[in-house]
Amino acid sequence: MCFVLGRFLLGYWAGRKGLLAALDQNLSLLRRIFVVALATGLAATVLSYVQAPMRAAWPIIDIEPVKMLIRVLLRAGPLGIGIAYATGFALLFRLPSWARRLSVLVPLGRMALTNYVTQSLFGIALFYGIGLGVGPDFGMAGILVAWVLILSLQIWWSRAWLTHFTQGPFEWAWRWLTYGRRPKLRNGTGALERAPAS
């Protein structure tokens, strides 16, 4: 629970600071965040492979406080990699040639909550035992193929949806719950082109 709350607080801080909305003003900070987050993620990934042999080789560190510290550090790894991805994309977006290539992902990002929820539902249906169980039956190759198909579908779906609507369905519901009034959803054909990218 604390780990999830911490992620929300990091996102809240980034939003309040305008970290991604004002890239040029925050360029130095974004570069530092990218380097630290990437280093943290890579270090935690290496630790995940070496921690068990280290504890076996040195029984003195195979104690509960050390194991708890290792668990905390291992949880910081995916967070660091995620932050490095986000800041890396933001830094690449500043370059005109990369901005053109990455613009295909703009609708996907504008419907981030909707895509997160639907991706979770797809994941449960495909990878878990209550669904098709693709992971155990097909291994990482099946997971990679499924991921490419789901992401491609979400990119297409997001663009198609935002052509007719101002925001994703979950974003719309979230704003309704947050602001206490029903926001406009339908905006007619061409909403994607008229709406801001951020």
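Which are the buried residues of H3? And walk me through what surrounds that helix, please.

A: Bear in mind that this is a predicted model. The chain averages a pLDDT of 84, with 90% of its residues at 70 or more.

Helix H3 covers residues 64-93, which makes 30 residues. From its first C-alpha to its last it reaches 44 Å, close to the 44 Å you'd expect at 1.5 Å a residue.

Now for your list: the buried residues of H3 are Ile70, Gly77, Gly80, Ala84, Thr87, Gly88, Ala90 and Leu91. What do those buried residues pack against? Their partner is helix H2, residues 27-57. As for the spacing along the list, an α-helix has 3.6 residues a turn, so residues three or four places apart point the same way.

Next, the charged side chains. The structure holds two salt bridges, and both are worth a stop on this tour. One pairs Arg71 with Glu64, the closest N and O atoms sitting 3.0 Å apart. Arg71 is partly exposed, because its relative accessibility is 43%. Glu64 counts as partly exposed too, with a relative accessibility of 43%.

The other bridge joins the side chains of Asp24 and Arg94, at 2.8 Å from N to O. Asp24 lies in the loop between H1 and H2, while Arg94 lies in the loop between H3 and helix H4 (96-102), so this pair ties together parts that are 70 residues apart in sequence. Asp24 comes out as exposed, at 55% relative accessibility. Arg94, with a relative accessible area of 32%, is partly exposed.

Helix H1 takes in residues 2-17, Leu5 among them. On its own, Leu5 is partly exposed, at 48% relative accessibility.

Leu162 is buried, its relative accessible area being 0%. Leu108 is 54 residues from Leu162 in sequence, yet their C-alphas are 9.6 Å apart in space.

Last, a word on confidence elsewhere in the chain. It's highest in helix H8 (residues 169-179), at 92, and lowest in helix H9 (residues 191-194), where the mean is 46. Over residues 189-198 pLDDT stays under 50, and the model has 19 contacts beyond four places in sequence for that stretch.

Terms used:
Residues are numbered from 1 along each chain as its sequence is written. This is a predicted model: local features need pLDDT of at least 70, side-chain atom pairs count only at pLDDT 80 or more; totals for chains, interfaces and linings use all residues. Side-chain values use heavy atoms; hydrogens and water are left out. Helices (H or I, at least four residues) and strands (E, at least two) are DSSP runs, numbered from the N terminus. Buried means under 20% relative accessible area, exposed over 50%, partly exposed in between (1.4 Å probe, protein chains only). The expected span of a helix is 1.5 Å times one less than its number of residues. Contact means heavy atoms within 4.5 Å. pLDDT is the predictor's confidence in each residue, from 0 to 100. A salt bridge is a side-chain nitrogen of Lys or Arg within 4 Å of a carboxyl oxygen of Asp or Glu.
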